[in-house]
Amino acid sequence: MQLEADQGHRDRAVIGGLEKFLAIWYEEAQQGMSAPQVQVIMTRLQSYSARSPEERASAVDQVLNLLSQDEWPDTQEQEEPPHPAADVAPATIVAPARPPEEKQEFVQPPKSAPQERRNKRNAASKASLLPLEVLQSSVNNINGVSDGYARRLARLGVRTIRDLLYLIPRRYDDFSNLLTISQLMYSQEVTIVGRVDRCENRSAKSGRVITEAVVSDMTGSIRVNWFNQPSIVERMRPTRLVVLSGKVDQYMGRLVLNSPEWEPFQKELIHTGRLVPVYPLTEGLPARWLRTIIKRVVDGYANRIPDPLSAEIRKIWRLLPLFQAIQNVHFPESQDRLTEARRRLAFDEFLVIQIGVLQQRRVWRSQAGRPLQVAQEMVETFKQTLPFEFTGAQNRSLNAILEDIQQPHPMSRLLQGDVGSGKTAVAAAAMWVAVQNGAQAAMMVPTEILAEQHFQNLTNLFKQPEPLPAGTNGEDVLPDQQVTLPRVVLLSGKLSVRDRTAARMLVENGEANIVVGTQALIQEGVEFKDLALVVVDEQHRFGVEQRTALRTKGGNPHMLVMSATPIPRTLALTLYGDLDVSIIDELPPGRQPINTRWLAPRERERAYAFVRRQVNEGHQAFIICPLVEASDKIAVRAATEEYERLHKDVFPDLNLGLLHGRMKPAEKEAVMQALYRGDLHILVSTAVVEVGIDVPNATVMLVEGAERFGLSQLHQFRGRVGRGQAPSYCLLLSDSIDPEGQLPEVRHRLQIIAETQDGFKLAEEDLKLRGPGEFFGTRQSGLPDLKVAKLSDIRILEDARQAAQYIFERDPDLASPEFSHLVGQVREFWQERPTVDG
């Protein structure tokens with residue numbers, strides 16, 4: 001109608017005139033409008049071609065006016081449309097009509113959209129909700145999905161109708177730029193509507209079959225080519241109206257469309273003329289077939305899924321209803337609508353996680369714990385044994401921990417800080433307090449090397465304390481006569497059977513106050529007499545089950561989780577939302593920045609010369625390689641071969657050592673002791689040195705294949721040097737090059753770490769660049785399976801956190817019927833994951 005008005009009421013909006021068009025429109029219109037509404041339009045446009053221009057203008061204006069009204073005269077009481085759809089107008093295109101012998105669907109012009117949206121919204125609100133078992137039924141129940149297709153969908157993790165609804169597009173092709181053929185320009189992504197003038201197959205010299213068509217509209221024509229798709233000619237019949245979307249190319253000076261997406265012109269477009277979803281695929285699963293099936297499922301089921309969020313919560317946090325979000329994440333009307341849809345679905349994912357961790361926090365805090373007595377003199381006695389003073393950040397973190405362990409419920413706290421910030425000293429102070437209460441403390445670490453180093457460090461820390469400085473009353477304040485000097489025991493897998501049995505006996509009878517170990521701590525046969533505090537170092541190396549197993553060794557002991565890798569706020573809230581968090585954001589005085597720079601491959605010899613100069617000055621160096629042994633699939637340097645090459649060709653006069661994860665514990669220990677003693681000038685290693693190794697005399701960290709590591713991991717490598725008084729350096733080498741030098745993305749990442757010493761900033765950048773799955777270097781069971789949400793969506797996560805807290809304040813048990821569907825989602829999400837703990 002609008003097109004007819006714009007063209008001056010000449011009855012040329014559709015080929016053959018409006019009267020022929022109305023004959024076809026009449027039947028289809030009754031599926032989305034009431035019979036009286038359809039009849040009103042038919043009456044207004046009767047004998048349209050025979051009318052004068054003034055009468056035509058009056059009729060068109062009347063119809064347009066009716067279509068724009070909320071309610072029509074004498075039709076308000078009619079039933080709503082029986083087939084609800086999205087609360088948005090579908091992609092609509094008004095185009096020339098096709099000959100009457102070819103059945104074709106048409107749509108109302110854009111001005112009908114308000115009425116259409118209201119009808120759909122009302123119908124959607126009245127649709128009956130589906131029971132959960134229907135959504136969980138097999139995709140085989142969907143018309144058009146055979147057993148073969150079902151097996152292919154299963155490769156994508158899609159087995160049920162719900163899975164298909166939540167198969168989120170990985171990207172979208174923007175084919176919403178609708179132009180006439182005369183408006184086309186080279187390299188544009190466009191959509192055109194036109195009539196097929198001709199279509200035929202021909203063979204090229206190369207043997208390929210080229211399907212060549214000519215499509216025209218009222219402004220011109222364009223040639224369209226497809227390659228090795230001869231069956232298209234059977235569907236691209238002359239005179240047929242089609243919609244084509246793709247990139248405008250050129251051939252011999254003329255514009256062409258090569259291999260565009262296409263479909264017949266119809267009421268709602270799926271493959272063209274809109275933001276077109278692009279789904280993950282697998283072999284034997286055509287993109288057009290999958291898109292068509294998902295459209296069928298979205299139309300049939302989306303508006304009948306129970307919404308777990310009440311209207312009140314949706315209003316507070318400005319969220320779309322669930323059915324609109326699902327419809328628009330698959331087939332968005334616009335980019336803004338897509339953004340709203342993704343925000344709603346991401347919010348749901350974060351909310352389920354936050355409710356789960358808050359429930360776990362509530363459960364943990366409801367359990368009875370053992371309050372420990374804390375006296376200031378007790379803490380000061382320990383501090384006097386240290387060769388350094390605590391920083392302000394260390395004192396704040398320690399005070400928070402001491403406050404927690406005095407409570408009648410168990411502590412559950414995350415302690416994180418940058419490399420070298422002094423987390424271990426803070427944990428040692430808490431363990432000291434536990435021992436002074438006559439209890440035991442345990443520290444679990446991921447590797448033998450780290451266990452042995454913590455064992456040595458704690459043994460040195462817990463030495464005989466000196467008298468405290470003079471008190472305010474002028475009298476010396478001496479340590480309490482009952483101070484217990486902790487006895488530290490190492491329990492690791494490399495101990496002999498005899499030594500391990502002896503260590504277990506010391507732990508069981510309480511003679512061992514502090515136990516340091518690897519996973520050997522949670523093995524059967526390890527029993528504690530009175531475990532009051534558990535410290536888990538390098539928490540991301542352990543699964544939830546391992547941390548829980550250590551917790552069960554005592555009667556709800558206090559739990560302190562330490563992270564050597566600074567964790568971005570979103571990741572901390574997601575993985576450890578049930579924990580209180582302490583951050584040591586201050587380095588000890590005198591800790592100097594590490595001079596960091598990235599080098600091109602041609603500068604490798606300069607790097608070796610620099611390493612030699614540092615060794616000649618009496619220092620030591622690390623050279624890190626990504627792999628243990630060379631690989632045919634990955635062109636990066638391997639530690640074993642690099643060690644042989646460096647030892648033979650580059651540093652034949654120096655003492656080199658080799659360290660990697662495949663070595664036996666005794667071999668690794670021998671290498672580390674040689675490094676500590678200064679017998680080795682250079683240690684060639686894999687990422688096993690990422691944490692824990694403390695060699696104050698080391699001043700150079702040279703990383704081969706630096707592009708293979710994340711920013712946080714490179715920051716950890718860098719933290720292995722700079723622990724003494726001498727200036728220290730980190731050199732990053734990358735073999736990933738293009739003709740211009742370093743690849744832009746590689747250069748960008750290496751430049752970030754060269755310019756930034758702040759581990760928390762690097763962690764945020766690392767999360768953005770590599771994603772949560774690779775943030776810690778390896779995937780771990782604690783990471784949630786997020787389909788829409790990204791852990792860089794800080795605002796959405798914080799909104800979901802607030803919403804979870806709001807819900808808990810109103811109904812801690814989620815017993816209200818209002819939350820019944822939400823409880824089901826929480827249960828469904830967490831039943832396949834381990835219970836979150838500290």
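Q: Where in the chain is the place of Leu814?

A: Leu814 sits in the loop between helix 27 (794-810) and helix 28 (820-831). Helices here are DSSP runs of H or I with at least four residues, strands are runs of E with at least two, and both are numbered from the N terminus. Before we go on: this is a predicted model, where local features need pLDDT of at least 70, side-chain atom pairs count only at pLDDT 80 or more, and totals for chains, interfaces and linings use all residues. Residues are numbered from 1 along each chain as its sequence is written, and side-chain values use heavy atoms, with hydrogens and water left out.

Q: What is the phi of Leu814, and is the residue buried or exposed?

A: Phi is positive, about 50°, although Leu814 is not a glycine. For burial, look at relative accessible area: under 20% is buried, over 50% is exposed, and in between is partly exposed (1.4 Å probe, protein chains only). Leu814 has 7%, so it counts as buried.

Q: And what about Thr239: which loop is it in, and how accessible is it?

A: Thr239 is found in the loop between helix 9 (232-235) and strand 5 (241-251). Its phi is near 75°, again a positive value in a residue other than glycine. Thr239 counts as partly exposed because its relative accessibility is 35%.

Q: Now a strand. Which way do the side chains of strand 19 point?

A: The general idea first: in a regular strand the side chains alternate between the two faces of the sheet. In strand 19 (residues 682-685), Ile682 and Val684 point one way, Leu683 and Ser685 the other, and all are buried.

Q: Which strands pair with strand 19?

A: Two strands pair if DSSP finds at least two bridges between them. Strand 17 (residues 620-624) pairs with strand 19 in the parallel sense over four bridges, and Ile624 stands opposite Ser685. Strand 18 (residues 656-659) also runs parallel to strand 19, joined by four bridges; there, Leu656 has Ile682 as its bridge partner.

Q: Stepping back, how many helices and strands does the chain have, and what share of it is buried?

A: There are 28 helices and 23 strands. Buried residues make up 53% of the 838 residues.
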